[in-house]
Amino acid sequence: MRGLEPEAVGKVVGIDLGTTNSLVAYVENGRPVVIRDESGDALVPSVVSVGDDGTIFVGREGQRRLLSAPSRSVYSVKRFMGRGIEDVRADAGLLPFSVSGAPGGVVRIGVADREFTPPEISAFVLRELKHRAEEHFRKQGEFDFEVDRAVITVPAYFNDAQRTATRDAGRLAGLEVLRIINEPTAASLAYGLDKRNRGTVAVYDLGGGTFDISILKVEDGVFQVLSTNGDTHLGGDDIDRLMVETVLEEIAGPKEQDAATVEAIRRAVIQAKWDLSDVDETEIRVEPSRWVHGGYRKRITRAEFEHMIRPLVDRTLAPCRQALADAGLEPKDIDEAVLVGGSTRIPLVRRLVEELFGRAPHSELNPDEVVALGAAIQADILVSGRREMLLLDVTPLSLGIETMGGVVSKIIMRNSTIPATGSETFTTGVDNQTAVDIHVLQGERELVVDNRSLARFRLRGIPPMPAGLARVQVQFQIDANGILSVTAHELRTDIEQTIEVKPSYGLTDDEVERMLLDSFEHAEADFAARLLIEERNEAESVILATEKTLRAPGFAEIAERDLAPGEQQRIESALAELKAVLGSDNRDLIHDKTHALNDATKHLAEVAMNRSVQAALSGRNVNEM
Amino acid sequence: MLECRSCGAGAPVDEHFCPQCSRILALGRHGDYFAFLGLPRKLVVDASELERRFRELSRKFHPDYFYNASPVERLASLERSSYLNDAYRALKNPVTRIEHLLAIEGLPSPKSEEGTAKVPPSLLEEVFALNEELDGIRELRESGADVEALRVRLERARHPIDARREQHERQLEELSARWDNQEGASVAERRATLDALRERLLERNYINNLLAGIEREMTSLAASAGPGAGSRG
């Protein structure tokens, strides 16, 4: 049977889909490697921007447009994944894009005249990573360079809706999501590769938007998570926002906020935050603008910075203690502590972790890259059949159902190893009742209203019988992704029930299908956007080279001796023409003008090159004599 | 007997893989966590041995290793892994371990009587005294009495309950050891041990509820301590 199934030929990658930055990695000759761009940069900013003509810009280009077109650009969308409008109102304040949505439904993000759901925005980032990986494999000369499958990481404390939203984003990006794994566990895999020892490990992961703590036991190559805890709303973003608000208070300017200025302030405070990881004092510097006339400059010391962010960092301590308690451990039982996430570069964070666990934490692997490396290892385990390592993760939140009086009855407890199952038997309250409504929740609190609503569904097809006689067993299955599915059957008649699950904060399968169709329609535009960017980059480099040559000290001499009459004028007008069309969206036009400039400068380039070769040769001769 | 859904051969119910084609078997209606983990039906379990078996079987069943397998095998891997995780969780904890033993030995679950208000006869005296004391403290708290003094009274009321709970833990341990040594004993003797275990579990649940009631009153006291202290100052 197995031999008859078609073999998948595409590549498999591991993806860290981060709040601030995203990365893609794969396993090459048994070792995980992060894929970088030409300049050696592994990070793709998780920023998506929509051009005037609807083209989509992602990553560095999207980040650049945060300043030039802030109202058309989206960042930190991970905070909105699997959430409702009531969860994110507090976040929406300082953001340049609009956030809306019906109560109890999926958040909608408005950019210009288009509306997106968070999974759609994330899918743009994933598509960029897919493209980056495919380019990498193509350049390596691989015949099958298409990337069609991925392991994607999520914060360990993500609930079912957030995980499902991430999986939907993968589907929308044209990826088969092999597995959703937790970021701290992925990091432990990357670390475990070198240290094949046993022990108890605490992984402290403070990223751009989320905080996780996971306690693992490592033995015989099995990475068993004992407990996990966290805060899906705590990270570097909160530090930035706190600093931005402080600066805004000090600039007692007009109250209406200008998105570009807020973005400029955000960049300035982020730079200062980074500086303070290395030096004891720095300056927050915002250039003068229409809104901040004189600009803004303020010195800040590391001590002041630490005092300011201390309450935020302290919020990570309670989850750490809870995770230890749930694992039945004391801080002294932890053999190793590992730091993950860009925000763990902050010295205060390192100090607190060291104090808490009584040992210096590990940070040998780049805290930005370690999660993607672990995801790549997990992807390789899934497709290659290698068995030396196994990840056993847990579900971060208890799963329950609503019972009488708005109370939650727990069915699967938090920190249960996944996959896990649980079941509950229901009966009917009135004679001949054929349906029962069931409300599934996730969380630790007693009352329904304090927990996360995951789904409501109606059990139908119960055979008519007197009240209380039917026995409907509902089986809950949390799979290895931490995602829930539900089945049910009536025990007396053994009839399988049909269950229609309506996710409270997720997309239905129909919606995902529709978005997939939409994305195919837009795929052409997105592809065109990429080609346009590449064409512009090419044009810019030709312009730069030409201007450099024209301004070089020896140019006047070359022009006089070697150039034909009118040649310099032809070059200068070709240059001016290319510069004039550079900002347009007409790729063919840019392409033609680039070619024209290339042709016009061909002779000049040869002459200049000969000159420099001669100069180099004569230089050496001088030295040799 | 299980039927292998890959090759159709029959397999004993405690096997994980088909003896014929060596593919993973569907779970079927398994109910015995001890047998599933290859452990004797005993209540004193060596924790490191349990963990070793859990890891060993995880390596055999986990869905990670069945990614390229047929849908039938993938489903079997998911079922067996889930069941293994449930089994490990149940046997790791001494109380849930006893509950599982009672279930597979055919005794009604202690949980089924949890909701009934019946006080175990052996606890009648303590329950009566505690409830009276709790009522008294509640009344005094609501009429604004000194919170610190009430807290001391509540602590004192807790002591006999704590002592009963410790006594129960010891009794559960003794009974567990007795069960493990009764392999050659008569059915009636073994049944008597199981009945005693079940009695102790019922009492234990009741004691835990009493302690929870004391805890709730503690919380109420702490809550009324805040504004009370403020009004005096």
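Leaving aside residues up to four places away in sequence, A:A25 touches A:V13, A:G14, A:P32, A:V33, A:V34, A:I35, A:A372, A:L373, A:A375 and A:A376, where two residues are in contact if their C-beta atoms, placed from the backbone, lie within 7 Å. This is a predicted model, in which local features need pLDDT of at least 70 and side-chain atom pairs count only at pLDDT 80 or more, while totals for chains, interfaces and linings use all residues. Residues are numbered from 1 along each chain as its sequence is written, and chains are lettered from A and ligands numbered from 1 in the order in which they are written.

A:A25 is also listed, with A:V13, A:I15, A:Y204, A:A375 and A:A376, among the residues with the most contacts inside the largest nonpolar core, which has 144 residues. A nonpolar core is here a set of buried Ala, Val, Leu, Ile, Met, Phe, Trp, Tyr and Cys residues joined through C-beta atoms within 7 Å; a residue is buried if 20 or more other C-beta atoms lie within 10 Å of its own, exposed if 12 or fewer, and partly exposed in between, with C-beta atoms placed from the backbone. Helix 11 of chain A gives the most to this core, with ten residues; helices (H or I, at least four residues) and strands (E, at least two) are DSSP runs, numbered from the N terminus. A second, separate core of 16 residues includes B:C4, B:A11, B:C18 and B:F61.

## Chain A as a whole

Chain A has 15 helices and 28 strands, and its C-alpha trace spans about 105 × 55 × 55 Å along its principal axes. Of its 625 residues, 44% count as buried. Among the contacts in chain A with a separation of 6 or more, 67% are accounted for by residues 24 or more positions apart.

## The five-stranded sheet

Five strands of chain A form an open sheet in the order 18-13-14-15-19, with mixed pairing, two strands being taken to pair if DSSP finds at least two bridges between them. Its edge strands, each pairing on one side only, are strand 18 (336-340) and strand 19 (390-392) of chain A. The twist averages 25° from one strand to the next. Within the sheet, strand 14 (residues 211-219) and strand 15 (residues 222-231) of chain A pair in the antiparallel sense over nine bridges, and A:D212 has A:G230 in strand 15 as its bridge partner.

Helix 2 (residues 47-61) of chain B packs on the sheet and touches strand 14, strand 15 and strand 19 of chain A, its direction making about 110° with that of strand 19; axes are lines fitted to C-alpha atoms, for helices over the stretch in contact, and angles run from 0 to 180 degrees between N-to-C directions.

## The contact between chains A and B

In all, 21 residues of chain A are in contact with 16 residues of chain B. On the chain A side, helix 11 (370-384), strand 19 and strand 22 (420-426) each supply at least two residues, and the largest share, three residues, comes from helix 11. The residues of this side divide into eleven nonpolar, five polar and five charged, with Ala, Val, Leu, Ile, Met, Phe, Trp, Tyr, Cys and Pro counted as nonpolar, Asp, Glu, Lys and Arg as charged, and the others, Gly among them, as polar.

Strand 9 pairs in the antiparallel sense with strand 8 (residues 98-100) of chain A over three bridges, with A:S98 standing opposite A:G110. Three bridges also join strand 9 to strand 10 (residues 114-116) of chain A, again antiparallel, and the bridge partner of A:V111 in strand 10 is A:R114. The hairpin of strands 9 and 10 has two residues between the strands, and A:A112 takes a positive phi near 50° there.

## The loop residue A:S398

A:S398 is found in the loop between strand 19 and strand 20 (399-403) of chain A, and counts as buried because it has 20 C-beta neighbours inside 10 Å. Not counting residues up to four places away in sequence, A:S398 touches A:K410, A:I412, A:M413, A:R414, A:G443 and A:E444.
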